[in-house]
Every structure is written in C-alpha cells, then in structure tokens.
Amino acid sequence: MRPQSAGNWLALPVVAALGALCLAPLAILFAYSFFSVDFVTISHDPSLKNYARILQSETYRGLIARAFGSGLLVAAITAVIGYPVAWFLAKRAGAAKTMLLTLLLVPLYSGDLLRIFAWRVLLGAEGAINRSLIWLGAIDAPLQGLLFSPLATHIALTYNYLPFMVIGLWLAFESLDDAWLEAAADLGAPGRDRFRRVTLPLTAPGLIAGGLMVFVMVVGDYLTPQLLGGASGVTVISAINDLFGTAFDWPLGSAIAWTMLAILMLCFGAGATLIRRSSLVAEGA
Amino acid sequence: MAVAAKTAAGRRTRPLLEVIALHKSYGSVQAVRGIDLSLANESYVTLLGPSGCGKTTLLRMVGGFEAIGSGTLMLDGMRLDDLPANRRPINTVFQSYALFPHLSVLENVAFGLSYRAVPKDRIKARAREALATVRMEAMADRRPRQLSGGQQQRVALARAIVNEPRLLLLDEPLSALDRRMRKDMQIELKDLQRRLGMTFLHVTHDQEEAFALSDRIVVMRDGRIEQQGAPGDIYTRPATAYVADFIGGASCLPGRILGPAGKGYAIETALGRHVVPGVAGLSVGARAVLCLRSEQVALGDTGTPAEVTHAVYRGADWLLECVAGGQLFQVAHAGPPPAPGETVRLSFDPDRVWIAREAA
C-alpha cells in the first residue's frame, strides 16, 4: 500500500463521522423542508409549499432580514472597534502581546449565560449604570430602554463576538509590513490615505474572515436576544425553535433553517472568493 | 510653491542637504552621535560603514521615518525637522523595496503622482515613462511578486524617481541581489543619477559598491563620521587605522612618530624605521599606524623576512598571508606562490604607503 493511500484510509473514520453526525442531519432536515403537516402527522408528499409560505409571510421575511441585519451591524461595529485594538496588539504591544491576547480571550472561557447575566447587572433598572447616573444626578428615574431592548442585545452581541474580529484582524496586521506604510508616506500619502490605499486592502482578508465569523455567530445567536432583548427577543432562531417544539411544524422549521443556511453559504462563498482574490495578490500566483 | 522659487536662487550657492549636529538615541543606545554633513547638488554620496554604525538611522531621519533626537536637517535651506515624511520632497528606495503587493507595477509607480501636481490623465503616461527609464515598461501590468529581485529593484527605483524628488535616498538597495546583478545595477544607478541630474544618498556596507557609485564617500563608525572625501582620497589617504582596514583591508602596523621628515613623518615600528607620508597633524611621540595594502607590498630578494601562512588563488593573482614581527600582512602576488611555511622577504615603496591615526 502506498503511503498516500494509507493516509486516505486513515482519514476515513473522520470523514465517516463528519458525514454521519453533521451532513446526514442536515440532509434529513433538507428532506423535511419539502414535507407538510397534516393535523398531527407529517405528510411525506414533497412540495415547495413551505418555501412559498416563507416568501409570502411578512413575519418570517422580517425575522430573517432582521437576523442578517443584526449580523451585518455587529460585524461592522466589531470591525470599527477591532481595527485599532488589532493594530495595537500586532504593532505596539511588544512583550505584553501574549498576555493581552490571552486577556482578550478570557471572556470566551466563561459561559454564555454568565456573560449575559453580567450585562443584566450592568444595564438593569437597578443596575450599575442606572445607579451611577442617578447618584451623579444626571437622571431622576432609571433609564428603562437600557435592558430588554435591541440596544442591550447588540451591546452584548458586540461584546461576545469582538474577540473573533480582533483575532482575524490581528493576524492580518502581523503580516502587514511597516515598510509598505513608510513607502506610502514617502510617496506623499497622508495618514488617512495610507489607511485607505495600503492598510485597508492589505488587511482585507482578516477583515473578511473575522467579519464572516462574527456575522455567522450573531445570526445564529439564540440566548442573547432571548435573555436581553425583551419584546425584541423574538428572532428567526427562536421561531425555528418554536416550530420544532410547541407548534409541531417541523417541515416549516426545516424550510426556514435551510433558507438561513443557503443565505449563509452564499455569504461564505462570496467572502471566500474575496479572500482568495486578495490572497492571490499577496502571493502573486 | 514659494519653496521652488527659493531653491532656484539658492541651488548654486548652498548645499542641497545640510545635516547639523544630528543626534539620535534609543534608550541608552546612541545610534547617531553628532553628525555634520553637507551634500552638494547633483552628487552621488555614499554612507559606508558596518551594520550598527548609524548609517541607516541617519538616512531614516533624513527621510522622515525616524524622529530627530537633536540637531537640524536643512534641504535647500528649508528646515525639514518638523515636516512629516509625506511632505518632504525626498523619495526612498527601500532595502526590501516595499512595493505594494496589491497593486500592479504601473499602479505602484503611479502611487506618488496622485500627490503631485500632475493632471489625472497624465499620471499613467508619466508612470510609463519612468518604467521605460528603468527598462521595465513590458512588466507594467504584472504584480510585484511575479518579478525577480532585480526587476523589483528597478520598479522601486522608478516609483521613487517618477516624483522628481530633490533628493533620492537608497537604503542598501542592492544587498538582496546576487553578485552579477549587483554589478549591473551599480552601473545603471550611476548612469541614472547622471542622466537625471538628481542627488543620490546611498547607504551601504559594501566598499566596492561605494567606490563604483560615489562622488563622495562618508565612512561611518559608532554613530560618527570617521572620514569623508572622494573615493580616491579615502583609499589612498585613510585618516585612521579603522578606515584603512575597512576600505580595502590594509594591514596596519602600529608605531610611534619620531618627527616630521621629507614629505611626511619618520615612524618607528616593530619592523624598523621608515619615512612615509601621512595624515596632517601628527605630533612627535604620537601613536600611529603604517598602512600597507596588499598591492603595495612585494616579494623580493631584500626586505623584511616573513613567513607565508596562506595562499589564496584569486584568478588574476594570488593573495598571500604572511607574518612578520607578529603582524599579519596581505600580499598580492602574480607569479606562482611560495608554499606555506616558506620564508620570504617583503618590501614596499615608502612614498606610496601612508601613515594614519591609530584612532579618530
């Protein structure tokens, strides 16, 4: 047996496990999305009814659009915050770099719920922010909009997923040669042009990679809006959850899940193409 | 610009670049310790020295990439100190070339023109002209990483000269090229500088490169200027033992000055007394060195006895290493070499060798 084919055989268990545990459930879900519910049983006559329902329903379309809107918004905010942080880590942190990177990841070691409840403590009517503002005399009554609002959800989501954006950008900054920025300055480019014409295009792969990660995770986040969003906590993910649970409409739930999946795959494809194109540049194929 | 009018008047009379009492330290390390230097217009000047001598730091301060510790930089009589790099009429060819990997060769060269008073529709044409100057117009649409080192070097050069800088800085530009390529580029650099009538300030640790290119060589050591002058002066009349050794690897025989004699001094060395020309200002009793270059020492029937330790074939001749009086000498020898261990006699023409200071 040639070593190469031995390697292929050794990879078989992994491929089989991935197929059975990851791809098969998705395939089953995909099949379900073409079925329909007949009172309490599931009818196995295939149709596109579920997808038609999603298209026609303003509620579902709205929920899907809101999920992707949130993903884009949080990705954008984390990019704006992440750029200076990543630049500092790569170019200025020096010996403290390892420690700062570890600190950046520390929140990820604690549980989701823990972080969410921490934000409740901060944002609640009796929370740290309201108390301080009242004590300072800036307000008379607690600000109610802080907690259980889209604001609270997006603050927590940004906080949760910022490390992923920073890591992506940090890697990009590590491979950004300072000589390029010096060359740009040498050729007459002021600071903002150096960012626009050199830093931004050369860190774009990191921005896209980090952005995709944040985007996907925000779109799929269930707990944060549920526990911090109040009335706005109804998301497309919670809708899918309801359809599989109390509403017992697995086919519609599957169809929504697959619609989300298809859109996410499109986003990934677009991102991957962009990264490949910019790394072609970097490696000069 | 008002600056342009001023320069036209001042161009003939004052030096292009003046470096006055320049200092720079990093923490407790003094990289540049008090440099005074002036560059004539349209000259090719080389900063020559080993790594860590402060030559690159000096260049980076002129370019605006490094803040000045203390002292002043003047270009065309205008203070550069507080001008950021992007507003100095100076361009740089970087050691790593620093070509933008995401832009084509043409876009790289055109980059700086968008910050000059060049009409938009002329930018591409000007960039192509600059590429033609370095014979790279055929590569205009390639990416930098698709080019060889020598080609990247030419593009970096085109990207800098297209902006018609008052001063062009070159930071070890040939160090990444192989020997053959380096020779070709040396000729091209010198030729380009003459054709463009531009002033080049070139940093290198390679003395051959400095000789091939420069109108003037500035030898640096430990953040100071050890000696500056025309290449011929530096080679034949080194001021210190350091310069004599660094430039052309002269053997420096230590001695003591006995007093002025003839056109130079009488010097007492381990190999006897000699009367030899030397640097001005050596007093009686001062410690000095007698500098002997390999081509100035000959084997003969008379002279100082020495033992041959090595013989290295160099193609045109042999380089012999001989020891006499505990001192190592190098001798260029045309004929078949004596075997190592053999005793030979060394002699030199006292009028053609030189006495230098032991230290600055």
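**Exercise 1. The second largest pocket**

Which helix gives the most to the lining of the second largest pocket, and with how many residues? Work on the predicted model.

*Solution.* 
Step 1. Start with the space itself. The second largest pocket has a volume of about 460 Å³.
Step 2. Find its centre. The lining holds 20 residues, and A:R92, A:D178, A:L181, A:E182 and A:R194 are the closest to the centre.
Step 3. List the contributing elements. In chain A, α3 (58–92), α8 (178–186) and α9 (191–219) each supply at least two lining residues.
Step 4. Pick the main contributor. α3(A) gives the most, with five residues.
Step 5. Sort the lining by class. There are 11 nonpolar, four polar and five charged residues.

**Exercise 2. Helix α5 of chain A**

Check the length of α5(A), then work out where its buried residues lie.

*Solution.* 
Step 1. Count residues. Helix α5 of chain A runs over residues 112–123, which makes 12 residues.
Step 2. Compare spans. At 1.5 Å a residue, the helix should span 16 Å. The end C-alpha atoms lie 17 Å apart, which agrees.
Step 3. Name the buried residues, using under 20% relative accessible area as the cut-off. They are A:R115, A:I116, A:W119 and A:L123.
Step 4. Look down the axis. The buried residues of α5(A) fall within an arc of 100 degrees, so they line one face of the helix.
Step 5. Recall the helical repeat. An α-helix has 3.6 residues a turn, so residues three or four places apart point the same way.
Step 6. Turn to the other side of α5(A). There, A:L114 and A:V121 are exposed.
Step 7. Identify the cover. What covers the buried residues of α5(A) includes α4 (97–109), α6 (128–136), α7 (150–174) and α10 (223–228) of chain A.

**Exercise 3. The cavities**

How many cavities of 30 Å³ or more does the count come to?

*Solution.* 
Step 1. Take the count. It comes to two cavities of 30 Å³ or more.
Step 2. Take the largest cavity. Its volume is about 80 Å³.
Step 3. Find the main contributor. Strand β19 of chain B (residues 343–348) gives the largest share, three residues.
Step 4. Classify that lining. Seven residues are nonpolar, three are polar and none is charged.
Step 5. Move to the second largest cavity. About 50 Å³ of space lies in it.
Step 6. Read the lining of the second largest cavity.
Step 7. Assign elements. In chain B, α2 (55–63) and β7 (167–171) give two or more residues to this lining. The largest share, three residues, comes from α2(B).
Step 8. Classify the lining of the second largest cavity. It has four nonpolar, two polar and two charged residues.

**Exercise 4. Chain A as a whole**

Describe the secondary structure, extent and burial of chain A.

*Solution.* 
Step 1. Count elements. Chain A has 12 helices and two strands.
Step 2. Along the sequence, chain A follows α-β-β-α-α-α-α-α-α-α-α-α-α-α.
Step 3. Box the chain. Along the principal axes, the C-alpha atoms of chain A fill roughly 75 × 70 × 35 Å.
Step 4. Take the buried fraction. Of the 285 residues in chain A, 39% are buried.
Step 5. Take contact range. Among contacts in chain A between residues at least 6 apart in sequence, 68% join residues at least 24 apart.

Notes. Residues are numbered from 1 along each chain as its sequence is written. Chains are lettered from A and ligands numbered from 1 in the order in which they are written. This is a predicted model: local features need pLDDT of at least 70, side-chain atom pairs count only at pLDDT 80 or more; totals for chains, interfaces and linings use all residues. Side-chain values use heavy atoms; hydrogens and water are left out. Helices (H or I, at least four residues) and strands (E, at least two) are DSSP runs, numbered from the N terminus. The expected span of a helix is 1.5 Å times one less than its number of residues. Buried means under 20% relative accessible area, exposed over 50%, partly exposed in between (1.4 Å probe, protein chains only). The arc is that of the directions from the helix axis to the C-beta atoms. Contact means heavy atoms within 4.5 Å. On a 1 Å grid over the protein atoms alone, a cavity is a set of points where a 1.4 Å probe fits but cannot get out, and a pocket is an open set with protein on both sides within 12 Å along at least five of seven lines; lining residues have an atom within 4 Å of a point. Grid points are joined across faces, edges and corners, and a volume is the space filled by probe spheres set on the points. Ala, Val, Leu, Ile, Met, Phe, Trp, Tyr, Cys and Pro count as nonpolar, Asp, Glu, Lys and Arg as charged, and the others, Gly among them, as polar.
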